[in-house]
Amino acid sequence: MTTEKGFDLLLESFKMIAKERSDVILLVAGTGELKRELEGVEYLGWVEKSKLGSVYKIADIVVVPTIVPEAHPAVVEDALKSRKPIIAFRVERWKK
């Protein structure tokens, strides 16, 4: 839950969605500096890789808000394996 991972943008986006829909819940797996208590947001803390399948199982979609380039984010691979739709930012590669 850091700025580089786009967590602040995720929370702001969730707040806008929650104004329109009362039936949404944001489950957050992980730890970090930007944790804020908001209605409808549930923090799971660090989830062991062996237990992530149960989190994906209950999710309707997976959000990957990272705003910096990553070579191969594991969360994307896990979401695809779980056959979950993914929402993510388009991140441009670093320019040299």
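User: Why does Glu77 count as partly exposed?

Analyst: Glu77 has a relative accessibility of 31%, and the scale calls a residue buried under 20% relative accessible area, exposed over 50% and partly exposed in between (1.4 Å probe, protein chains only); Glu77 therefore counts as partly exposed. This is a predicted model, in which local features need pLDDT of at least 70 and side-chain atom pairs count only at pLDDT 80 or more, while totals for chains, interfaces and linings use all residues. Residues are numbered from 1 along each chain as its sequence is written, and side-chain values use heavy atoms, with hydrogens and water left out.

User: What makes Glu77 and Lys81 a salt bridge?

Analyst: The closest N and O atoms of Glu77 and Lys81 are 3.1 Å apart, and a salt bridge is defined as a side-chain nitrogen of Lys or Arg within 4 Å of a carboxyl oxygen of Asp or Glu, so the pair qualifies. Both residues lie in helix 3, 4 residues apart, which is about one turn of the helix; helices (H or I, at least four residues) and strands (E, at least two) are DSSP runs, numbered from the N terminus. Lys81, with a relative accessible area of 61%, is exposed.

User: How many salt bridges does this rule give?

Analyst: By this rule the count is 6 salt bridges. One of them joins Lys15 to Glu12, with the closest N and O atoms 3.2 Å apart, and these residues are separated by about one helical turn because they stand 3 residues apart in helix 1 (residues 7–20). Lys15 is partly exposed at 33%, and Glu12 is partly exposed at 37%. Glu12 and Lys15 are also linked with Arg36 in a network of salt bridges.

User: Why is the pair of Lys49 and Asp78 said to tie together parts of the chain?

Analyst: In the salt bridge of Lys49 with Asp78 the closest N and O atoms are 3.1 Å apart. Lys49 lies in the loop between strand 2 (41–45) and helix 2 (52–58), whereas Asp78 lies in helix 3 (residues 74–81), so the pair ties together parts that are 29 residues apart in sequence.

User: Is Asp78 buried or exposed, and what does it touch?

Analyst: Asp78 has a relative accessible area of 13% and is therefore buried, whereas Lys49, at 56%, is exposed. Leaving out residues up to four places away in sequence, Asp78 touches Lys49, Leu52 and Tyr56, where contact means heavy atoms within 4.5 Å.

User: Why is the aromatic pair called tilted?

Analyst: A search of the whole structure finds 1 aromatic pair. The ring centres of Phe7 and Tyr43 are 6.3 Å apart and their planes stand at 55°, so the pair is tilted: rings of Phe, Tyr and Trp (its six-membered ring) pair if their centres lie within 6.5 Å, and planes under 30 degrees apart count as stacked, over 60 as edge-to-face and the rest as tilted. The pair links distant parts of the chain, with Phe7 in helix 1 and Tyr43 in strand 2, 36 residues apart. Both Phe7 and Tyr43 are buried.

User: What makes the phi of Arg83 worth a remark?

Analyst: Most residues other than glycine have a negative phi. Arg83 has a positive phi of about 60° although it is not a glycine. Arg83 is placed in the loop between helix 3 and strand 4 (86–88), and its relative accessibility of 76% counts as exposed.

User: Which residues form a nonpolar patch on the surface?

Analyst: The patch consists of Leu9, Ile67, Phe89 and Val91, which together have about 300 Å² of accessible area. Patches are made of residues with over 30% relative accessible area and no salt bridge, like charges being joined within 9 Å and nonpolar side chains (Val, Leu, Ile, Met, Phe, Trp, Tyr) within 5 Å; the areas come from the Shrake-Rupley method with a 1.4 Å probe, and for residues only the protein chains shown count as cover. Val91 sits in the segment after strand 4 and is partly exposed, with a relative accessible area of 31%.

User: How do you know that Leu10 is buried?

Analyst: Leu10 has a relative accessible area of 13% and is therefore buried. Leu10 belongs to helix 1 and, apart from its neighbours within four places in sequence, is in contact with Leu26, Val63 and Pro65. By contrast, Ile58 in helix 2 counts as exposed at 60% relative accessibility.
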